[in-house]
Amino acid sequence: MVDGLEKLESGARDFDLLVDDDFVDPSRLAAVIDRLQGKLCKVVNRARQRGDHLLVGQSACAWVARTCSISPTSAADRLCVGEQLESMPRVDQALRSGEIGYQAASVICHLQKHVSEIDARIDEEMWVGNARKFSLKDLRDIAASTWHAVDPEGFCTAVEENFERRQLFISETDGMYRLDGWLEAEGGAAVKTAIDALAKPLGVADRRSNKQRRADALVEMAHHVMNQGVLPRRNGVRPHISVTTTIDGLKGELGAAASELQSGMPVSSKTVQRLACDGTLSRVLKADSVVTDVGRATRSASPAQWRALKARHQWCAGPGCDRPVNWTSPHHIEFWSHGGASNLTNLLPLCYYHHRLVHEGGWQVVRAGEGVRFIPPDRVIARSRAPGMRWAA
Ligand SMILES: [Zn+2]
Ligand SMILES: [Zn+2]
């Protein structure tokens, strides 16, 4: 059999040299790879049956993951497919002939493994037909509902096992926060539904990508619940963002030290000005190191002013924006940090996106008669920066 593998390896070398990347048919190439993937599944399953992993004192899954340089999840998948293909000649043949792809075969194999728990067998011919007829996502959904119909108890147990796998990591890296996580079906749907509701474009000038709007939606949700004051207090204090800044930092003066979040992460003076504008910022360090509670004393709008502002506006004042006024915060047309007064004529309700656009995005708001006009920055800075890269000095 080693000869066979050598032939395959030399064939692969020739293939790489002979086949032009521009002319090879991707579907045929994918079928070849899928067929080999199926072969790998059978090979690792046989190795498990022989107990190769026991020789090195590892679980079969860990051994396959290490030997084949794949993740433990992928290793478990290969072992499951290898095991099931042995008793499913029709699915095996469909995978080998390129009739169905590897991922579809994997869905069928996992379904068979699940229903085996109650000694049931699936109709292979029908499932090969399903794999040909439906998209991979639909096939997964049909397989899940079939499993539920055949073995509701087993399905429920698996759902609870999935629930135990839930996790969310929030880490700081490259001056940004990174989120990674797993949510079970219902919880994930709740988060996705809420984010989708807030991730629609806001006005015609909204040029954010889908993923940027989703990221903003999550931040906006967090700001909203904090602004509403509905989160439980911690140590007697309502949860809020804490920024340490100086008067110079707040004004964005040259030579001022960077303002910092509680975590020590630096934020730009423009961000600090926005936080000061809507009353999020609560503390400023004066030159003599005296901490002043500016948020309470000069909070952007008093409850009465805020009520009057809401009576004037139903939505965010950004161009074409339909975010309800309850989802906005008061912006000072003449910046608060530049001495702008907190009176009604100087206040404008802006949603998170538009408020950020005005402070950090370089847009300008100018009064025009009774109303206001939003002016985009004269010159859009075209260069962009990837996370982790710094501007050249
Ligand atoms: Zn503002
Ligand atoms: Zn808006």
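Where is S59 found? S59 lies in the loop between α3 (52-55) and α4 (60-68), where helices (H or I, at least four residues) and strands (E, at least two) are DSSP runs numbered from the N terminus.

## Basis of the model

This is a predicted model, in which local features need pLDDT of at least 70 and side-chain atom pairs count only at pLDDT 80 or more, while totals for chains, interfaces and linings use all residues. Residues are numbered from 1 along each chain as its sequence is written, chains are lettered from A and ligands numbered from 1 in the order in which they are written, and side-chain values use heavy atoms, with hydrogens and water left out.

The protein chain has an average pLDDT of 85, and 88% of the residues score at least 70; pLDDT is the predictor's confidence in each residue, from 0 to 100. Residues 295-299 have a pLDDT below 50, and this stretch has 8 contacts in the model beyond near neighbours in sequence. A contact means heavy atoms within 4.5 Å. Over residues 379-393 the pLDDT also stays under 50, with 7 contacts beyond four places in sequence.

Donors are N, O and S atoms within 2.8 Å of the metal (3.2 Å for Na, K and Ca); water is not among the atoms, so sites may look incomplete. Four donors count as tetrahedral if all angles lie between 85 and 135 degrees; four count as square planar and six as octahedral if opposite donors are over 155 degrees apart and all others between 65 and 115; anything else is irregular.

Distant parts of the chain are linked by C277 in helix α14 (residues 269-277) and H359 in helix α17, which are 82 residues apart. Both C277 and H359 are buried, where buried means under 20% relative accessible area, exposed over 50%, and partly exposed in between (1.4 Å probe, protein chains only).

## Zinc ion (ligand 2)

The zinc ion (ligand 2) is coordinated at 2.1 to 2.3 Å by C316 (SG), C321 (SG), C351 (SG) and H354 (ND1). Its 4 donor atoms subtend angles of 103 to 117°, and the arrangement is therefore tetrahedral. The spacing of the donor residues in sequence is C-x4-C-x29-C-x2-H.

Here the pair linking distant parts of the chain is C316, in the loop between α16 (303-312) and β8 (329-332), and C351, in the loop between β9 (347-350) and α17 (352-359), 35 residues apart. C316 counts as buried at 5% relative accessibility, and C351 is buried at 0%.

## Pocket and cavities

The second largest pocket has a volume of about 1,600 Å³. Its lining comprises 37 residues, of which H110, H114, W147, N162 and R165 lie nearest its centre. The elements giving two or more residues to this lining are α5 (72-85), α7 (102-116), α9 (136-150) and α10 (152-164).

The model has 2 cavities of 30 Å³ or more, and the largest cavity holds about 60 Å³ of space. Residues lining the largest cavity include L202, D206, P319, H354, W363 and F374. Helix α17 gives the largest share of that lining, 4 residues. On a 1 Å grid over the protein atoms alone, a cavity is a set of points where a 1.4 Å probe fits but cannot get out, and a pocket is an open set with protein on both sides within 12 Å along at least five of seven lines; lining residues have an atom within 4 Å of a point. Grid points are joined across faces, edges and corners, and a volume is the space filled by probe spheres set on the points.

## Helices and loops

In helix α6 (residues 89-96), the buried residues are R90, V91, D92, A94 and L95. They pack against α2 (26-50), α5, α7 and α8 (124-133). G98, which follows α6, has a positive phi near 85°. H224 is placed in helix α12 (residues 210-228) and is buried, with a relative accessible area of 15%. Beyond its neighbours within four places in sequence, H224 is in contact with N326 and W327.

S59 counts as partly exposed at 43% relative accessibility. S69, in the loop between α4 and α5, has a positive phi near 55° and counts as exposed at 67%. D119, in the loop between α7 and α8, has a positive phi of about 55° although it is not a glycine, and is exposed at 72%.
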